[in-house]
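Good morning, and thank you for joining. I would ask you to bring up the structure, so that we may go through parts of it together.

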Amino acid sequence: MFGKPSRTGRTLQYVALTGYLIFLGFPLVWLLSTAFKPPRELVKLHPTLIPSNPTVQNFVQAFTEQQLGRAALNSLQVSLASAVLTVLVALPASYALARFRTKLGTVALGWVLLSQLFPFVLLIIPIFLILRQVGLANTHAGLVLIYVVWALPFALWMLQGFVRNIPRELEEAASVDGASRLQVLRRVVFPLLAPGIVATALFSFISAWNEFFFALVLVKTPELATLPVALARFVGIEGTARLGPLAAGSLLATLPSLIFFAVMQRRLSSGSLAGAVKG
Amino acid sequence: MTTVADRPDVARADGPRRARSRSDRLGIYLLLLPSLLPIVVLSVFPLVRGIYLGFTDARAGRNVEISFTGLANYRELLGDELFWNSFKIGLLWAVGVTVLQFVLALGLALLLNQQLRFRGLARVLAVVPWAMPPVVVGILWKLVYHPDAGLLNEFFHRVGADGLRTNWLGDFSTALPAVILVGVWAGMPQTTVVLLAGLQGVPRELHEAAAVDGASTWHRFRNVTLPAIAPVVVAITSLDFIWNFNSFGLVYVLTAGGPGGKTMLPMLFAYEEAFRYGNYGYAAALGNVMVVIIVALLAVYLRRRLREAN
Amino acid sequence: MLRSRFRRLAAAAAVAVVGLGALTACGDGGGEDENSSGPVKLRFLSLAWQKESLQANKDLVAKWNAEHPDIQVEYVQGDWNSIHDQLVTSFEGGDVADVVHYEASAIGEFSKQGYLADVSKLLSDDFKGQIDPGVWDTATFDGKVTGVPFLLESQVVIANKKLLDAAGIAVPPADGGWTWDEFQANAQKLTKPGQYGAAWALKSPTNRVLNLALNYDGKFFYGDGGKTEVKVGDAEKEVPKRIHDMLYTSRSASPEALGMSGADTLPGFFGGKYAMLPGSVSLRQQMVEQAPAGFEWVTLPPIKGLSAKQAANPQTLSIAEDSKHKKQAAQFLEWFLNPTNMAALAKGDWLVPTGKQANQELVKLTNGKQGWDVAADSAADLTVAPFQKADGYPEWKTKYATPALQQYFANKITLDQLGTQLVDGGKQVLR
């Protein structure tokens, strides 16, 4: 973006990037190390990164005691559904919000922001009551519904910001060329929105994947429990935890989001406006 | 669906201009409907109820009667020193985390937008905090800050800087900065991804043109990049601020508001009021007051940003 | 043309989304099926989390289900961190498990709010006779018994045997614990550069201090004709003062441990930095599981003041007021907590059973090793403390007592200031 930096500039960039990655990534490394440590190594006064007697016992325990596999499948189902639905719902709305000024739109955006502001803990009980009323308590559909609503504020705010960034002239130029509205949207708008869509889908997926509280109170059948709820069962009184199995389970719970992102991240830079704005 | 689609054509035959705008509006509403419907169902009722509770004496209990008490909660709240103390801490926390998050995330997003080697890997590693289950995040950071066997103190020990070893979460002066750092860590990926996505919308031609004009890197960043991503920046910092102000789970796990109330965030305060002491009415009143103050702060921020943008 | 396309697109999007929503809703179906015929179904929300106790719980429920086809129990595992929020939400939403596991100090509020059933009439006298009246008192609120206390957590001292030997300190017998003076003197002997005599884990200082304050008859909460108030006299000040002395006068306790919870002290203990850990009997579990090879530990009896009394905060099993099958739930509880089963549960959690017979069986089962003799003996000194009954105790604890105690133990305020803050807080909360 800044053209070709000098060699020292490049070196500095790599140094900065390494610093960032250590800060952001080292807990994952520590999680990895912890997951392979036997109980006695977890309480050393001078902890080491490499376990001296590595073991897979933590993974065995994690999977035999809690139905982590089952829970992971549940979580995957709920999170994918939430991500897809959020994007489908938010895309048209954010387009409308960005391109047409209406009172309803302004009110809606304001409301969305307000709903994020109000202390979440005070909303839990009424939401729980509604879902029970409509028979969605103890179902994954109920969870998906909540997660979509939860992700919508972010999705709407972000996506309409991205739509605004697309010059109106592009769309107009395309429709002058004879493209229908649908074609304009499909060929011009959506590709340019790809990074925003990726960010939205990712946000929605990960927040659903990691959400704990609603999954805890809404789902009572043990077979329907999601991963965060299953993992929390390794935590005990006063913040003590069975660190080994917890780390093993958490490590495996972290991977799907990372893989999901690894697949999607290329799209974060594909929607270049470069070729489009000529003229 | 066909009927919906057909009718406007008839209407358009009547009078093109007016019909067009009417049909446009209908279209807009149809676009908005799918997202507004679930929001209305699942957030309007709970929110309105929550706001209303703030004017009552609602308490936890089986078959408890609620009576309207008007402004009684707010009179009590005005004199609630503990709450206002915690509100100050909350502002410090929210502003601190949001600003650091934004500055650091912008730097990272700019780096990740460069043609650097291992860029894909770096991008994946950058979202690690986000991908980790929250239940383990608090526990991991406690291991980092542990006074005897913590990674941070161990690091200082190994590099021979034993003098820097501290009881990070237990010391009155370091507790808040320590949890702010965790807050920044936890929220950075989100902000980074959004800013990175935003950077894709910056037309390369503008840069090239500016480069040809001989503008310095800083100048190009200031005059080309920043204005281009301004809408995204405003959106994400506003949301970050709200989220940070509202989040307390991580801090609760790390310090439970201690030591000596140094990390008692206002949302934690409201949570305790509602879930631990059962004072729903008073907790809702706290919520209402916080919403009003935060909205006012955001309004000032948004107005200034928007003015800058124009 | 363009307009109609646009609108058609919008309509299609709307329909697709609503349809998709409906589809997912149908797909999972489920919902609540309340069968009127067939076996009675009970949900049992348990908080067992240690490997052994988890297994013990699951085994017992499976055994019950095999023996009682007409009363089927579904085992649901909760967790200590979120149980409170989970219960508040499901009580308010009217959707709670039939049998709920929690602790005496926490069920008081739920009990007063009317969410828990009075079990005193549902349980047989035989069963009730197994548990001391003083322990029943911890789960009795406004005359209603709303929980069955089953596991007790006494505060003992776990010590590094080799360090005791090196300092020439003899291990006291199970029924002859040290006085505070002896404990403090020994801690002093065990203190040298790089080594503290003791580590007080005081992340949650209020419960800890109020529990131990009974050693010197420190009650904190005094009822006076229906009105409760907080008083801090010499009796109340004794325990905090002694801990403070260890921290800052004799320097035999580590100030770094103040922010820790019990298990956080283990690296320092195993690493020889702390010689003694005053703490819960359940710490023995970590000793067995995590102590390095060759490490010798002993369980010392509770410390004595005027008496060895401590406030008991037993884990409890309660029946929800909204449960449709309270009788059957009580039937399950009596079986689940019979002496043999209770001993198994206590063993799994390394805690002390409330039942007398269960306690004897457990000592027999373990030969009193690994501190089980000390644990069994400590049961007699556990009793109810006034704070456990006080309305508004949770609020007083979080808003006033915990910050004040943290400031005192961090040496930021004096003992008298601590007293004033605790009393003033009481005035604010107990109006």
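**A sheet in chain C**

Let me begin with one residue pair: C:Asn160 has C:Trp297 in S12(C) as its bridge partner. Please note that this is a predicted model, in which local features need pLDDT of at least 70, side-chain atom pairs count only at pLDDT 80 or more, and totals for chains, interfaces and linings use all residues. Residues are numbered from 1 along each chain as its sequence is written, while chains are lettered from A and ligands numbered from 1 in the order in which they are written.

C:Ile158 likewise faces a residue of S12(C), namely C:Thr299. In total, four bridges connect strand S7 (residues 155–160) of chain C with S12(C), and the two run antiparallel. Strands here are DSSP runs of E with at least two residues, helices are runs of H or I with at least four, and both are numbered from the N terminus. Two strands pair if DSSP finds at least two bridges between them.

S7(C) also pairs with strand S11 (residues 274–280) of chain C, antiparallel and over five bridges. There, C:Gln155 stands opposite C:Ser280.

The open sheet has four strands in the order S8-S11-S7-S12 (chain C), with mixed pairing. Strand S8 (196–198) and strand S12 (297–300) of chain C are at the edges with a single partner strand each, so one side of each lacks a neighbour in the sheet.

How many residues of S7(C) are buried? Six of the six are, so the strand is largely enclosed by the rest of the structure. By buried I mean that 20 or more other C-beta atoms, placed from the backbone, lie within 10 Å of the residue's own; 12 or fewer is exposed, and in between is partly exposed. In a regular strand the side chains alternate between the two faces of the sheet. In S7(C), C:Gln155, C:Val157 and C:Ala159 are buried on one side, and C:Val156, C:Ile158 and C:Asn160 on the other.

**Domains of chain C**

Chain C is divided into domain 1 (40–153 + 313–376) and domain 2 (155–311 + 392–429), with bounds from an automatic or database domain assignment. Their centres, taken over C-alpha atoms, are separated by 28 Å. The contact takes 13 residues from domain 1 of chain C and twelve residues from domain 2 of chain C, where contact requires C-beta atoms, placed from the backbone, within 7 Å. On the domain 1 side, helix H16 (residues 372–378) of chain C gives the most, with three residues.

How values were computed
Two residues are in contact if their C-beta atoms, placed from the backbone, lie within 7 Å.
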